[in-house]
Amino acid sequence: QVQLVESGGGLVQAGGSLRLSCAASERTFSPYRMGWFRQAPGKEREFVAHITWSVGSTVYADSVKGRFTIARDNTANTMYLQMNTLKPEDTAVYYCAARSVVLRGYDSWGQGTQVTVSS
């Protein structure tokens, strides 16, 4: 497992933007895929977006498509989530996760960062 540390959460008004970062502790970090998930109070954790590390291909949940952008910096072992046009329903704890190999699920998780969008 890899230690992942999220940052960048906070309080923002509806329509605003935030950028989340997820930094991996390993010097040689090359997962198969990394993703962002979120969990709102009283709800189950849900998928937000993922990026396949080697090729940079991305997939988004319908609820964030066109507003959020996932990206990675291979040299810095860091993944990002640019969140624009934020809505109150985006309020949640956001988690980053790494999937080390294709045949396994997400096996490393960050501690989470709170995003609160006020109306």
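Which loop holds asparagine 77? Asparagine 77 lies in the loop between strand 7 and strand 8. We will come back to that residue.

Some ground rules. This is a predicted model, in which local features need pLDDT of at least 70 and side-chain atom pairs count only at pLDDT 80 or more, while totals for chains, interfaces and linings use all residues. Residues are numbered from 1 along each chain as its sequence is written, and side-chain values use heavy atoms, with hydrogens and water left out.

Start with the layout. The chain has eleven strands and zero helices. Read from the N terminus, the elements go β-β-β-β-β-β-β-β-β-β-β.

Now the overall dimensions. The C-alpha atoms fill a box of roughly 40 × 25 × 25 Å along the principal axes.

Next, the surface. The accessible surface of the chain is about 6300 Å², and carbon and sulfur atoms own 48% of that. The areas come from the Shrake-Rupley method with a 1.4 Å probe; for residues, only the protein chains shown count as cover. Of the 119 residues, 45% count as buried. Buried means under 20% relative accessible area, exposed means over 50%, and partly exposed is in between, with a 1.4 Å probe and protein chains only.

Charges, quickly. There are 12 positive and 9 negative charges, and their mean positions are 3 Å apart. Lys and Arg count as positive, Asp and Glu as negative; His and the chain ends are not counted. Each charge is placed at NZ of Lys, CZ of Arg, CG of Asp or CD of Glu.

On to contacts, meaning heavy atoms within 4.5 Å. Among contacts in the chain with a separation of 6 or more, 52% join residues 24 or more positions apart.

What about the core? The largest nonpolar core has 30 residues, and Leu4, Met34, Trp36, Met79, Leu81, Met83 and Tyr94 touch the most other members. Several strands give two or more residues to this core, including strand 4 (33–39), strand 8 (78–83) and strand 11 (113–118). A core here is a set of buried Ala, Val, Leu, Ile, Met, Phe, Trp, Tyr and Cys residues joined through side-chain atoms within 4.5 Å. In soluble globular proteins, nonpolar side chains tend to be buried together.

Tyrosine 94 sits in strand 9. Tyrosine 94 counts as buried because its relative accessibility is 0%. Beyond four places in sequence, tyrosine 94 touches Glu6, Leu20, Phe37, Arg38, Val48, Phe68, Leu81, Met83, Gly112, Thr113 and Val115. Threonine 113 is 19 residues away along the chain, yet the two C-alpha atoms are separated by 5.3 Å.

Now leucine 18, in strand 3. Is leucine 18 buried or exposed? Leucine 18 is buried, at 15% relative accessible area. Outside four places in sequence, its contacts include Gly8, Val12, Leu81, Met83 and Val115. Serine 57 is 39 residues from leucine 18 in sequence and 22 Å from it in space, C-alpha to C-alpha.

Arginine 72 is in strand 7. With a relative accessible area of 24%, arginine 72 is partly exposed. Among the residues it touches beyond four places in sequence are Ile51, Trp53, Ser54, Gly56 and Met79. Glycine 56 is 16 residues away in sequence and 7.5 Å away in space, C-alpha to C-alpha.

Serine 54 lies in the loop between strand 5 and strand 6 (58–60). Serine 54 is exposed, with 61% relative accessible area. From serine 54 to cysteine 96 is 42 residues in sequence and 17 Å in space, C-alpha to C-alpha.

Back to the opening residue. Asparagine 77 has a positive phi of about 50 degrees, though it is not a glycine. Asparagine 77 counts as buried because its relative accessibility is 10%. Threonine 85 is also not a glycine, and has a positive phi of about 50 degrees. Threonine 85 lies in the loop between strand 8 and strand 9. At 46% relative accessibility, threonine 85 is partly exposed.

How values were computed:
Helices (H or I, at least four residues) and strands (E, at least two) are DSSP runs, numbered from the N terminus.
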